[in-house]
Amino acid sequence: METRALFWGLESFGITAFYLIGFAAIGAFLWGVARAVGKYRRGRPSPVKLDLRTGFLRMAAAVASHRALRRRDQVAGAAHALVFFGFAALFLGTAIITLEYDILEPLFGVTYWKGMFFKAFSLTVDIAGLLVLAGVLLLMLRRGTAHSPEKLDYRRAYLGETELRPAARRWQVEDWVFLVAILVIIVSGFTQEGLRHAMERPAWGGWEPVGAFFGLLFANSSEETLRAVRAVNWWFHGLAALAFIVALPWYKAKHIFAAMGALAARDPLALSRLPAPAPEAETAGAGRMSDFSWKDMLDFDACTKCGRCHEACPARTAGYPLSPRDFILDLRLANDMAQGRDLPDKALIGGVIDPETLWSCRACGACLEICPVGIEHPVKIVKMRRQLVENDCLDPLLRNTLSAIGASGNSFGEPARKRAAWTKDLGFTVKDIRRQAADLLWFVGDQASFDPRGQQVSRAVARIFKAARVDFALLHEGEKTAGNDARRVGEEGLFEALAEHNLGEMARAKSFQRIVTTDPHTFNTLHNEYPEFGAIAPVIHYTELLCDLLESGALKVKKPLRLKVTFHDPCHLGRLNKRYDAPRRVLALIGCELVEMPRNRDNAFCCGAGGGRMWMPDKPGTQKPSELRIREAAELLPLDVFVTCCPKDLIMFEDARKTAGFEKDFVVEDIAELVARAIELDAIALQDLPGLTERIAAAVAQRVASVVVERLDKALAGHLPAPAIAAPAGTPAPAAVIGAPAASGVEWQARPVTPARLPAFDTPARNGARILVPVKRVGALGDDFSFTDDRRGIPAEFFEYQLNEWDDTALEQALRTVEALGGGEVVVVSVGPAEAGEILRKALAKGAHRGIRVWDAGLEDADPIAIARLLAAVALREKPDLIFMGGQSGDQANAATGAALARLLDLPRATLAVAADWDGGEFIRVKRELEGGLLHEVELPVPALVTLQTGANTPRYATMRMIKQAREKPVVFVDASGEDAIWRAARIERLSLPQAERAAMLEGGPDEVAARVIAIIREKMGETI
Amino acid sequence: MSGILIVAEHTRGALADLSLELIGAALTLKESLGGPLRALVTGETAEDFVSALNRPGVDEILVAKTDNPHFDAAVNEEAVVSAALAVRPALILIGHSASGGSFAAAVAVRLGSGFAADVFGLEAAASGVKATRGAYGGKVNVELDFPDKPVVVLTVRGATFKAPEGVGGATVTPLALALDGVKGRCRHRGFEEAPASNIDIGKAEFILSIGRGIQDEKNVPRFAALAEKLGATLGCSRPVADSGWLPKPHQVGLTGKVAGNCKLYLALGISGAVQHQHGMKHVETIIAVNTDANAPIYAVATHGCAMDVFAFADALERRIG
């Protein structure tokens, strides 16, 4: 029967030697694998639960289909498939031979590698070898010619590099070594086969067509030559194959294993549901190599540098210093050195990865989507961003935005009360889910609530819902931003706080069945991330609802639009949640002709606003991803509308359309605006008549009441002599502590104010310098507010509270001073109600060591001197070296507490400092800012009191996690309800609105106003422009 | 005893305008409160300012000569307290300035007086002095009175009251101070001029000023270009200078420059904090563009427009090419 002999021409010595070498090679291979596994094991546990069965099946499917490899690069995909499947067949072939030769035959005398099986086997293996050969040659051709794809170029053009860096040269070498090694093994194998054919000319030779062909090449060689070459080539081929195996774990070839591992362990939700940091972790993010998980490290090794992510990344395309490929490769290089431990000689952030690289990401998921080996780039970026946030390595604009979200729950820094202000012009009332049940809860999101253009769309959507009789409600001011961007920026604690808040509001609300949102970012977070924090109703995107309403006939198309449109898939709706069809169906239903951009659906190119980039300034010298996208759309001209279904997209693309110069060519519109036109929404009467009349009546009543009260006030004041009697009924008599209003002629006497007497509280023993920083919780007043009934106050609901900006500057100065001294403590003290505990915690989170809160209900409208008395009592107990405090408060702006406090304590003082340097010695050097920007430099003996002006420094950011952790730090409460605690230097008689003459308002659109302004300029300054 | 005491201030040989405005403020109350109007001036060169302070309505000028050539908060505090104990005024007016703010509240503590800061409205009622000040960024007026206080210390907002013109007939009285307790507690080291610049807000006739509303440093060049095209000097509000987006000489306001010769002021994205208004509210024609329709800037502007500053800038750019 047909078969062939193995180990041709080898004596038993040779065979033994080969086996020994073979075992040694396998040993070396296993050692290399063990080393890599050891490295992965040093990583943190993966924060995502591993489902090995599903993961394995998913990986097997990915490998078998080669789908991800073929996507967007058919040539590479096909060539890889040839090599992969060919090699797999060859590997299987070798295994089949080994099974017979080394196991079944010696042990049981069973043989099967013969006859028909042998012939079929030989043919298969020959073809497999041929496929590998073809694949490798194709890959070499692709890599080696001038037409090599740009994504394979390792030069970092986005960083301005024109030369390859040394590591990149090594990458090129390993790429070629890998290909050449395969080529050599295959060619030497076929050569060996050919030599066998030339010498033995088997009758079944046709079953090894390639071998037979190679045999022809040797047809004219002598037996001697053949014999000699065959012996040498046998060893060459065998040793090459063994060397290939030994080297597998050490270079590019390791992706064979790492990629399969990474694919099997891939988190299917990766970016759409970011993994929460392990609660026991000491840091929030990844600031060191050992902070990465084993999956992260496996990902580093899995990368084949195929460049698909590099090509897809909007940041890299726009000229930002981020290429997901290079990000992973840099981490791999570092981890090759660190081996899962920390880098000995450089920092991970700053040393290996530049912070700017991390901030460049838009969290669009394009890299993750296209990566054929399951690498989760954005997850690692966010992990590292968490560390940047923790280290306060933030763009100032971003820092402000995060602070604003922390204070008022939205990124616009608007009062929470204004969240539903956009509903005012609707003409009908929108239910408040906290009071009335509804079928649908509309979670609006920030842009759709506060951005003027977003509000237009929100109103259109609300009217469409109304026209379709959708029973919907809002959370009104109960809604805070969902936190998608906060989380992707790396402010995990803030995200958690937002999720808990919103879930709490929804849990307390009246019943609803589903949640709808127009914002894909909100959609993603509610749908994928909130379930980890608590139960949540099903979430849909408004395009899905619009589609249902149009298909069910609840909305009727009156006028098909007949527009030629293109559609941009929002990253968070499309790529991250695979919802591609509803908006397209809507466009078809309203009669639009959709022309797709070349990059659509999972390949849609990000607008550049995601991942918190909306809150960061553009880097000079870069392009805007949104402009690149608009240009892509402009290739489709003539075009009527660029359709979006995301509030951020609308803002970004409307801008980009103008800046890219396509203002005359097409418009950018939200899909809801098109739907509104198609159903002729304007012609549908939506008025909520009873509601509206009620509102008008209420408004009129209020107006009448206020006018009457004012007139009544004046009339009474004119006719009645004593103000105390003239006070309208219901106004309480002045507080008893003040005593009756005194007539002039109280005996003139200086009655020096003294520090308050407060109950004793614990003060720890001194340990180095001590700086006391009084901090105030200040209220920012929104646009709509009203006074309390006695007109002496404003209810708390109209305020957004935060740490006084000036005090924040003073705190920063104190912290820096103590840090520079290398020891000591910063003690923060606040006179305020329990809610002021929040700003003390914020101060503690920033680094203050202890907090003291002093309060009594009678202090509600305390004046600066009253506050100074209480602070003085605290200072007398604390005996600080320095008191740093804000030059003024943002709400009352007296700029007086510091001077009063210094006097009460008899301390030298300097006010409104823009610099305060203390080296721990006898004097502190201060620069005071005077009118006109003149600086007055003085020196004060310590102890002293300095008040700080804003701009003296940039206060650091406290993450929500740090604020939570600060709960561990001690805060002492001191009850100020003692008899003499309240002092009043003034009494609020009443509050009023400034009776200012208001500017004459210029009406009309921007162009009309601009024309009017130019006319005024010409009138005043002459015809100079 | 009764009457009003105003406290003059001076820096590097120049009497502050605010000191003369205090006289104007005092005169609005002098008649109803009764008693003389006195002015106090302190320092090594105190008598240099006597003639300037001798305005109509001033009855007596107290001159507290000291040996410190530069401002010292503690010395000024001591002088005001000594003067107050000597003349027992019903009302003490101090400028709401960097200097005044550093000792006014301390005086109030020493006297146990009534106190309010940054006052812009004064009234004499049967019950005594009433004062009006602003709060919450100027959105609310707070009307205060001072029951049971024989004396009230107020700091008065600048550029609010009009200084009387002319020469008065004040007598001059030296005031001796006991300064042993306060001397040397604050050592003067020197002045540092605001950085020199080719920008002169004080001389500019047409200023285009930008505020927090421009959102981002990267937008500054755009408005700078706009200002240049319009022939305007580029000004800014404090937050813009604090953030380092524009150098300090561009800053209009209390700690910046006063737009002293300005005829036309275009405020873009400026909400109009008190400290900014100080530098520009006197300008004849003010045009304010801001998204917030309730911004305090509209209270001082001649023309206003509640509009996105970028939309406005777009339109303006289109018109002037």
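The contact between the two chains takes 89 residues from chain B and 87 residues from chain A, where contact means C-beta atoms, placed from the backbone, within 7 Å. On the chain B side that touches chain A, 43 residues are nonpolar, 22 polar and 24 charged. Here Ala, Val, Leu, Ile, Met, Phe, Trp, Tyr, Cys and Pro count as nonpolar, Asp, Glu, Lys and Arg as charged, and the others, Gly among them, as polar.

The model is predicted: local features need pLDDT of at least 70, side-chain atom pairs count only at pLDDT 80 or more, and totals for chains, interfaces and linings use all residues. Residues are numbered from 1 along each chain as its sequence is written, with chains lettered from A and ligands numbered from 1 in the order in which they are written.

Strand E18 (residues 935-941) of chain A and strand E12 (residues 187-192) of chain B run antiparallel, joined by five bridges. Pairing requires at least two DSSP bridges between strands. A:Leu935 has B:Glu192 as its bridge partner in E12(B).

Chain A holds 35 helices and 22 strands, taken as DSSP runs numbered from the N terminus (helices H or I, at least four residues; strands E, at least two). Its C-alpha trace spans about 135 × 80 × 65 Å along the principal axes. Of its 1025 residues, 45% count as buried, that is, with 20 or more other C-beta atoms within 10 Å of their own; 12 or fewer means exposed, and values in between partly exposed.

In chain B, B:Gly137 lies in the loop between strand E8 (128-135) and strand E9 (140-145). B:Gly137 counts as partly exposed because it has 17 C-beta neighbours inside 10 Å. Leaving aside residues up to four places away in sequence, B:Gly137 touches B:Ala273 and B:Pro296.
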